[in-house]
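Open the model in your viewer and keep the selection panel at hand.

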Amino acid sequence: VQSHYDAIIIGGGPAGCAAAAHLARCRWSTAIIDRSMAGSLLAGLGSVAYFPGFPEAISGQELLRRMRRQAELAGAQLLSETASGVSADGGTLKLAAESGKEFTARAIVVATGCGLRASYAPGERELLGNGVYLDAHADGPSAAKKIAAVVGKSRHAAEEALALVRFAERVHFIVPSSKIEADEPLIEAIHKQRTIEMHYSTSLKKVCGEKHVTSITVLTGGQEKEIPLAAVFTYVQEHKPTTGFLANLLSLTHAGAVKVDRQLSTEVAGLFACGDVLSGRPQLPLISASQGVLAGMGADRHLSSAQAEASGGHHAV
Ligand SMILES: Cc1cc2nc3c(=O)[nH]c(=O)nc-3n(C[C@H](O)[C@H](O)[C@H](O)COP(=O)(O)OP(=O)(O)OC[C@H]3O[C@@H](n4cnc5c(N)ncnc54)[C@H](O)[C@@H]3O)c2cc1C
């Protein structure tokens with residue numbers, strides 16, 4: 001395994017694979033470093049309902065396998081390593097791995113996602129993509145003419161409950177608090193919807209079903225209650241961008257997210273970021289992949305201008 005590459009991508013999810021495929025196709029020597037080749041959240045999704053080019057739903061694992069294969073076919077190397085730190089030394093970026101190895105590159109793309117939440121209700125994680133969803137616009141059609149639930153107390157959860165009305169026959173809005181954290185007009189719009197049933201001060205205890213969600217158990221007024229349904233959309237804000245290993249190099253947002261400009265370039269020359277690590281919460285794999293291409297384009301421009309400046313660069317042949 002070589003230790004110098006033109007570009008290193010940290011994270012082999014949709015964002016990282018798209019960035020790596022782009023850079024390798026541009027003929028830069030490219031490596032994807034991932035702490036576990038099954039680490040992407042996509043690998044755990046039973047099915048991804050909406051990804052252009054896949055009219056029938058595709059399993060998250062299969063979609064990820066294809067994305068990684070595409071990056072490899074373009075020429076990228078996949079390495080099983082965990083990044084523990086990044087530093088800048090002139091025009092060279094250094095990546096330290098937990099294994100003790102060091103890698104150098106002239107461009108690094110951070111695509112480490114936002115990881116899993118600290119805790120899940122029993123059944124919630126197991127049924128991700130099979131009745132447990134996080135985007136009413138992408139997965140709402142799976143709840144068409146069925147009973148669904150939205151769990152959350154944020155403005156985002158409220159907007160998603162309203163969006164779900166277009167699809168579901170009935171929406172149980174499970175609010176783990178005495179009120180929704182949204183402005184009055186939005187709350188009024190929710191209360192006016194006859195197909196939305198509000199459950200304030202209620203928490204999600206369990207998601208039930210073998211291959212697909214069949215019901216949820218909630219705790220309300222000290223009593224457990226089962227609600228039969230076909231889909232549950234969860235908006236619990238406990239995700240955090242995976243950026244701890246960048247803290248010494250970059251100023252992160254209050255929430256720990258990486259700050260980038262419109263070309264997804266950070267304040268450090270040659271360092272780019274894309275995917276869920278930017279939003280700090282799960283987005284659609286399609287959005288992460290698109291950002292990966294944009295970050296790859298930015299890194300390509302950076303490498304090309306660095307190569308033009310310094311003769312004898314490392315452009316792969
Ligand atoms: C709970 C949940 C449910 C979801 N449900 C759906 C759904 O139903 N439908 C849908 O379409 N999408 C869903 N998604 C969204 C989808 O999984 C993500 O948007 C997508 O995988 C994000 O892509 P990414 O490349 O930005 O990050 P990820 O896919 O998370 O990839 C990040 C990669 O970085 C690696 N990594 C992290 N830190 C390090 C490090 N220090 N060193 C090396 N490697 C590292 C990880 O191992 C991982 O492979 C869900 C996401 C979550 C969290």
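A polar contact here is a pair of N or O atoms within 3.5 Å. Keep in mind that this is a predicted model.

**Stop 1: the ligand and its contacts**

Select the ligand and D34. A polar side-chain atom of D34 sits 2.6 Å from a ligand oxygen. Then pick S288. An N or O atom in the S288 side chain is 3.0 Å from an oxygen atom of the ligand.

**Stop 2: the shell**

Colour the elements that give two or more residues to the shell: helix 1 (14–25), strand 2 (30–34), strand 7 (132–133) and helix 7 (285–309). Next, show the 39 residues around the ligand; A15, D34, S40, D276 and Q283 come nearest. By type, the shell residues divide into 18 nonpolar, 15 polar and six charged.

**Stop 3: a surface patch**

Select V293, L294 and M297. They form a nonpolar patch on the surface, with about 220 Å² of accessible area together. Zoom in on M297, which lies in helix 7. Is M297 buried, partly exposed or exposed? M297 counts as partly exposed, because its relative accessibility is 34%, between the cut-offs of 20% and 50%.

**Stop 4: the loop between strand 14 and strand 15**

Go to T266, in the loop between strand 14 (231–234) and strand 15 (271–273). T266 is buried, as its relative accessible area is 8%. Which backbone atoms lie by its side chain? A polar side-chain atom of T266 is 3.2 Å from the backbone nitrogen of V268. The backbone oxygen of L271 lies 2.8 Å from a polar atom of the T266 side chain.

Stay in this loop and select L264. Its phi is positive, near 65 degrees, in a residue other than glycine. L264 counts as buried, at 8% relative accessibility.

**Stop 5: K145**

Finish in the loop between helix 3 (136–139) and strand 8 (147–151), where K145 is placed. K145 is not a glycine, although it has a positive phi of about 60 degrees. Is K145 buried or exposed? K145 is exposed, because its relative accessible area is 72%, and the cut-off for exposed is over 50%.

Methods:
Residues numbered from 1 in each chain as written. Predicted model: local features only at pLDDT ≥ 70, side-chain atom pairs only at ≥ 80, totals over all residues. Heavy atoms only, no water. Near = heavy atom within 4 Å. Polar contact = N/O pair within 3.5 Å; in protein donor to acceptor, adjacent residues only side chain to side chain. Helix = DSSP H or I, 4+ residues; strand = E, 2+ residues; numbered from the N terminus. Nonpolar A, V, L, I, M, F, W, Y, C, P; charged D, E, K, R; others polar. Patch = residues over 30% accessible without salt bridge, like charges linked within 9 Å, V, L, I, M, F, W, Y side chains within 5 Å. Areas by Shrake-Rupley, 256 points an atom, 1.4 Å probe, with all protein chains shown as cover. Salt bridge = Lys/Arg side-chain N within 4 Å of Asp/Glu carboxyl O. Buried < 20%, exposed > 50% of the residue type's maximum accessible area, 1.4 Å probe, protein only.
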